[in-house]
Amino acid sequence: MWFYDDNNAVLKKPMIISIKLTEPITAAALGIPPFNPFLIIHKNREKEIHLPFARATSLASKEILVAATNQDVDGNYVTEQGLPWAINIVHDFKVPKEKISINKAYNFIVAWAIFGGKSNAD
C-alpha cells in the first residue's frame, strides 16, 4: 500500500492514514505496533528501508543491503556503528536541515541508538 510517492509533496503537512479491514481481526492477530512499516527507495520495490531489526519482505533484494553506502551485512537495518536506518517517531520532531547528519543535529542520538533507546531517552 502506497501512502505517497513524493516526500516533498507531504513535508510539513499533517497526515492521517486510516486502514479499513474487510474482515474484523482481533488485537492479538493484529500484533504490537509499530508493526513493520518500511520505505521504498526511488520506487524500486527491491530497495527497502525498515526499522532496526525488522525483517524485509519477500520482495526485497538481499544484495542491496551489502552494496549500499551504509552497508548492512547483517540485514538488520542498523549501521556498523549501531545507528538505525530508520526510526519510529510518535511525537513532534524537528527534522535536520538537508544534508545535515542526524547525529550533528541531535548530540546524543548515537548513544540513544546504540543502547536501544534506553540511554538519553529524552
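How many salt bridges does a search of the whole structure find? The search finds 1 salt bridge, a term used here for a side-chain nitrogen of Lys or Arg within 4 Å of a carboxyl oxygen of Asp or Glu. Please keep in mind that this is a predicted model, where local features need pLDDT of at least 70, side-chain atom pairs count only at pLDDT 80 or more, and totals for chains, interfaces and linings use all residues. Residues are numbered from 1 along each chain as its sequence is written, and side-chain values use heavy atoms, with hydrogens and water left out.

Let's start with that salt bridge. R45 and E48 are the partners, and their closest N and O atoms are 2.6 Å apart. E48 is buried, at 4% relative accessible area (buried means under 20%, exposed over 50%, and partly exposed in between, using a 1.4 Å probe and protein chains only). R45 is partly exposed, at 29%.

Now for the rings. The whole structure holds 2 aromatic pairs. Y77 and W85 have ring centres 5.5 Å apart and planes at 80 degrees, so this pair is edge-to-face. Rings of Phe, Tyr and Trp (its six-membered ring) pair if their centres lie within 6.5 Å; planes under 30 degrees apart count as stacked, over 60 as edge-to-face and the rest as tilted. Y77 is buried, with a relative accessible area of 1%, while W85 is partly exposed at 22%.

F93 and Y106 make a stacked pair, because their planes are at 15 degrees, with the ring centres 5.3 Å apart. F93 is partly exposed at 30% relative accessible area, and Y106 is partly exposed at 31%.
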